[in-house]
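Work through these exercises with the model open beside you. Try each task before reading its solution.

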Amino acid sequence: MEKLLAKVDRRIKKLGDELQQLYTEHPDATIGEITFQNLLSGMRGMKSLICNTSFVDPYRGLFISGLEVPDFEHKTPEEIFFLLVTGTLPSKSELEELSSELKKRSKVPEYVWKMLRSLPKTIHPMTMFSLGILAMEGESVFKKKYEEGLHKDEYWKYTLEDSLNLIAKLPSLAAGIYRILFMNGDIIDSDQQLDLAGNLTQRLGFNRHNQGFEELNRLYLVLHCDHEGGNVSAFTSRVVNSALSNIYYAASAGLNGLAGPLHGLANQECLHFITNIHDTLGNKPSVDEIRKYVMKTLDDGKVIPGYGHAVLRVTDPRFTAFMKFGDKHCPESPYLQTVKKLYEVVPDILKTYKGGKVSNPWPNVDAISGSLLYHYGMTHYEYYTVMFGISRVLGFCAQNTIARGLHQPIIRPKSVTNSWLKEHLESQTVAGH
Ligand code: AMX
């Protein structure tokens with residue numbers, strides 16, 4: 001772990017020095033103003049958090065330390081975690097060190113399986129995933145060290161230590177949930193030779209050489225890793241960890257946010273949407289039929305899953321990366337074909353829908369990801385957000401490690417009441433006159 005620790009240490013020092021210098025030079029700087037509209041619109045666009053793991057450009061999508069999606073889509077989840085937390089891709093020896101650490105830490109404790117097996121089969125896999133992580137909270141090294149009296153400067157080291165312990169177990173935990181809920185319940189052992197994505201594929205019980213399924217899983221674990229700090233799941237994990245609740249609490253909490261249909265559950269919703277289209281219109285619906293189906297969905301007061309975004313204003317480059325994969329591996333898939341037909345009609349419809357109120361009519365990552373899993377035989381679409389979640393925990397872990405290294409305080413914005421607002425706005429109007 002020495003190489004990783006040394007690099008994270010250097011990065012934290014550099015980021016901390018930069019912030020300190022900026023603050024010294026601009027102590028009274030204004031970053032932006034808060035409008036009434038911000039308060040009403042879920043704080044959309046309000047700059048209120050520092051996050052250096054990644055950045056989302058509205059017109060170019062996700063950046064991780066200067067790399068865009070096409071630059072890193074062929075990397076492994078291990079390389080991506082290293083990139084998120086250190087700001088650089090690992091050298092061969094750095095990657096070997098990280099991979100071997102993860103392999104050593106991959107065993108999920110027996111009590112977790114016992115607890116998961118005792119749950120009703122009606123439970124959602126995301127609930128099991130979140131519970132499984134929460135159940136391991138007692139393993140937190142950060143918590144133990146904190147109880148012994150940990151110096152603030154060391155917080156990040158044990159946040160990272162917990163992060164590695166957690167990340168290492170995620171493929172096993174997630175695959176075990178799939179086996180318990182949808183298969184015969186047998187847990188498949190890990191293969192020490194395999195990386196995170198290989199292990200996930202093997203433990204799910206799929207043939208690892210099934211025409212690219214392992215490659216798809218690797219891409220899946222890479223593309224969903226992080227999307228800066230303000231999205232529901234990352235922000236939740238940041239808030240929870242800012243109270244020094246350890247990474248198990250923070251990851252479980254973040255995943256509970258990811259489980260919402262307007263966020264990570266949208267991939268499940270998309271597949272549901274596509275299978276409903278196929279059930280109603282057959283496996284090869286025409287573009288016109290799809291257009292009518294979309295219009296009816298909107299008329300029924302529902303959203304079109306997989307379309308729109310709080311930050312992006314173009315087609316999500318992660319959508320494009322999955323599309324490239326689909327075109328290479330399964331161009332004839334009826335699911336992929338329907339995704340393409342939706343792409344042909346939905347943006348034009350959303351551009352004028354509700355008088356042009358939809359800020360972004362273009363597809364996000366969830367519009368396509370599930371259809372590829374479905375093609376490979378993973379037809380239990382309730383499970384897709386768990387796949388998203390394994391990857392997103394990489395971002396939670398990296399963000400919180402750095403936040404603790406920078407000694408960022410507990411997150412606590414101010415809320416106001418209607419009467420406060422009324423008085424404030426009225427006093428401004430009087431002042432304006
Ligand atoms: N279908 C129908 N209506 C949509 C829409 C869609 N795909 N996207 C936005 N709208 C509507 C909103 O519901 C809102 O209507 P309202 O004012 O009557 O409530 C209006 O357009 C303005 O919203 P917005 O500024 O465009 O979006 P937002 O920033 O408030 O919300 C998001 C963003 C993603 C929640 C929204 O686009 C949405 O619900 N999309 C569908 C669900 C989805 O794909 N979520 C996944 C996002 C990516 C992720 O987190 N994984």
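**Exercise 1: A residue on the surface**

Leu 40 is exposed, because its relative accessible area is 63% and exposed means over 50%, buried under 20%, and partly exposed in between (1.4 Å probe, protein chains only). The model is a predicted one, where local features need pLDDT of at least 70, side-chain atom pairs count only at pLDDT 80 or more, and totals for chains, interfaces and linings use all residues. Residues are numbered from 1 along each chain as its sequence is written, and side-chain values use heavy atoms, with hydrogens and water left out.

Task: Find which helix holds Leu 40, and which residues make the nonpolar surface patch.

Solution. 
- Step 1. Leu 40 sits in helix α2. Helices (H or I, at least four residues) and strands (E, at least two) are DSSP runs, numbered from the N terminus.
- Step 2. The patch consists of Ile 34, Phe 36, Leu 39, Leu 40, Val 416 and Trp 420, and covers about 610 Å². Patches take residues with over 30% relative accessible area and no salt bridge; like charges are joined within 9 Å, nonpolar side chains (Val, Leu, Ile, Met, Phe, Trp, Tyr) within 5 Å. Areas come from the Shrake-Rupley method with a 1.4 Å probe; for residues, only the protein chains shown count as cover.
- Step 3. Helix α2 (residues 36-40) gives the most to this patch: three residues.

**Exercise 2: The whole chain**

Task: State how many helices and strands the chain has, and compare its radius of gyration with the globule rule.

Solution. 
- Step 1. Count 20 helices and three strands.
- Step 2. The radius of gyration is 22 Å, close to the 22 Å that the globule rule gives for 433 residues, so the chain is as compact as a globular protein of that length. The radius is taken over C-alpha atoms, and the rule is 2.2 Å times the number of residues to the power 0.38.
- Step 3. Of the 433 residues, 51% count as buried.
- Step 4. The chain exposes about 20,300 Å², with carbon and sulfur atoms supplying 53% of it.

**Exercise 3: Salt bridges**

Solution. 
- Step 1. A salt bridge is a side-chain nitrogen of Lys or Arg within 4 Å of a carboxyl oxygen of Asp or Glu. The structure holds 20 of them.
- Step 2. In the bridge of Glu 94 and Lys 7, the closest N and O atoms are 3.3 Å apart.
- Step 3. Lys 14 is exposed at 54%, while Glu 18 is partly exposed at 38%.

**Exercise 4: The strands**

Task: Trace how β2 pairs with β1 and with β3.

Solution. 
- Step 1. Two strands pair if DSSP finds at least two bridges between them.
- Step 2. Strand β1 (residues 55-57) and strand β2 (residues 61-64) are antiparallel, over three bridges. They form a hairpin with three residues between them.
- Step 3. β2 and strand β3 (residues 67-68) are antiparallel too, over two bridges. Two residues separate them in a hairpin, and Ser 65 in the turn has a positive phi of about 45°.
- Step 4. Phe 63 is the bridge partner of Phe 55, and Phe 63 also stands opposite Glu 68 in β3.
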